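Here is a friendly briefing on one protein model. Take a look at the structure first, then follow the points below.

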Amino acid sequence: MGCFECCIKCLGGVPYASLVATILCFSGVALFCGCGHVALTGTVGILETHFSKVASDHAMLTDVVQLMQYVIYGIASFFFLYGIILLAEGFYTTSAVKELHSEFKTTICGRCISGMFVFLTYILGVAWLGVFGFSAVPVFLFYNMWSTCATLKSAVSNLTDIDSICVDVRQYGIIPWSATPGKACGSTLGDICNTSEFYLSYHLYIVACAGAGATVIALIHFLMILSANWAYLKDASQMHAYQDIKMKEEQELQDITSRSKECLHSYT
């Protein structure tokens, strides 16, 4: 029974909400960073092979992609540490709430740290909303290209002219207008659509966008947890202050009563 009660007590101190949010955050960041990194590499390969065969035309794009990949490394490392810190903070606040009526006392520093995490998580949530919107842009571009590919296949089956069906990536600002050839039409476009690299990049961008959305949900979850924990810590501090004042008043009342009895006894 002693071991069983100990296990139940340990399980009762686990912050399950923070644990779920941490797992969701790690999963979302991993999907976004991993799939986004591979998809960016595949996109550069498609552009170099079919749309911009002169290296100087897409040199800036290559530099931007490399910079984004380094940023992805930083995001993955930061959120790995930040998720662990938030999970540890969840264990701390859960212990504080569980021991609300015991000798456990929260400090001003602990409450300030909880408030700081609330503010930082809010800022990160807003930033990830922007990342989520930004990650939808390549999904939209590849979807347009995929729709054109479907139109091309339909035209081939209907025995119509396919040379007028083109995809010009220069209109999206990805490469300059001076890039050659800049667009793909007819059979050339059909060859691009049939490559595994195109479909792999398209689906990886979709998964990366979903990962960014999962991270946003995880941060919102964290924000609710941190706000509730901060409120609990504040209430715990006020409760302990009230108990201390009450204990002092009771002690003073007992001292006054005992002194009165002593005085009365000595008088009699």
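**Overall layout**

The protein has six helices and two strands, where helices (H or I, at least four residues) and strands (E, at least two) are DSSP runs numbered from the N terminus. This is a predicted model, in which local features need pLDDT of at least 70 and side-chain atom pairs count only at pLDDT 80 or more, while totals for chains, interfaces and linings use all residues. Residues are numbered from 1 along each chain as its sequence is written, and side-chain values use heavy atoms, with hydrogens and water left out.

- Reading from the N terminus, the elements run α-α-α-α-β-β-α-α.
- Of the 268 residues, 35% are buried (under 20% relative accessible area, with exposed over 50% and partly exposed in between; 1.4 Å probe, protein chains only).
- Among contacts (heavy atoms within 4.5 Å) with a separation of 6 or more, 80% join residues 24 or more positions apart.

- Leaving aside residues up to four places away in sequence, Phe 79 touches Cys 25, Phe 26, Val 29, Leu 124, Trp 128 and Leu 219.

**The largest pocket**

- The largest pocket contains about 890 Å³ of space. On a 1 Å grid over the protein atoms alone, a pocket is an open set of points where a 1.4 Å probe fits, with protein on both sides within 12 Å along at least five of seven lines; lining residues have an atom within 4 Å of a point. Grid points are joined across faces, edges and corners, and the volume is the space filled by probe spheres set on the points.
- Its lining has 42 residues, and Leu 40, Thr 43, Pro 138, Ile 174 and Tyr 205 are the closest to the centre.
- Helix 4 supplies the largest share of the lining, 10 residues.

**A buried arginine**

- Arg 170 lies in the loop between strand 1 and strand 2 (183-185).
- Arg 170 counts as buried because its relative accessible area is 15%.
- Beyond residues up to four places away in sequence, Arg 170 touches several residues, including Ile 175, Trp 177 and Lys 183.
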